[in-house]
Amino acid sequence: MKMIVVCALALLPFVGGDSSAGEYRNTITIFVENKSGFPNRVQVQDAELRAEFPEDCRIARKVSTLCKGDRKRVLRPPPRENMTCAVALALLDEPRCTFKDLIFDDWIDGWMKARLTVHTSRGGLGMVKVRALNNTESWTTKPGLRDGDTVGHQ
């Protein structure tokens, strides 16, 4: 009898369980191209992924900047969200709150491409924000991306 229980427990991780549609996100592959003849430091944000970031994680990120890394710091006056530094910094350590804003931050040589995977909306289209730090620091939004599209930036 114990052997049956052990076998059942061993197979449990391999059995698919119920999952809500929100947990599964489709992705597409896009290319970011430097249309300049000179190297650019390019940053890319996945705008669809950012839209799904939990609200408590957003609040924790704002509060944590006031805490300056000190869990024991007491904020006076307290933030209107009533979140302490200890709670905010602990939330940022959780896996659901630890994704990075940037999905790409590197130099791209002139006329070269970088291959990226981005999340799609419910309509199946992706959206990214792109900027070249050495040219301009303003973000350019690129909506309506399909699998295999190339996003050009100078």
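This is a predicted model: local features need pLDDT of at least 70, side-chain atom pairs count only at pLDDT 80 or more; totals for chains, interfaces and linings use all residues.
Is Trp-111 buried or exposed? Trp-111 counts as exposed, because its relative accessibility is 57%, where exposed means over 50% relative accessible area, buried under 20% and partly exposed in between, with a 1.4 Å probe and protein chains only.

Residues are numbered from 1 along each chain as its sequence is written, and side-chain values use heavy atoms, with hydrogens and water left out.

Trp-111 sits in the loop between β3 (102-108) and β4, and its phi is near 65 degrees, a positive value in a residue other than glycine. Strands here are DSSP runs of E with at least two residues, and helices are runs of H or I with at least four, numbered from the N terminus.

Lys-68, in the loop between α3 and α4, also has a positive phi, about 55 degrees, although it is not a glycine, and with 65% relative accessibility Lys-68 counts as exposed. The loop between α3 (55-67) and α4 (85-93) holds Pro-77 as well, and the peptide bond leading from Arg-76 to Pro-77 is cis, with omega near -10 degrees.

Let me turn to the sheet. Three strands form an open, mixed sheet in the order β4-β1-β7, where two strands pair if DSSP finds at least two bridges between them. β4 (113-119) and β7 (150-153) stand at the edges with a single partner strand each, so one side of each has no neighbour in the sheet. β1 (residues 27-34) pairs with β4 in the antiparallel sense over 7 bridges, and Ile-28 stands opposite Val-118 in β4.
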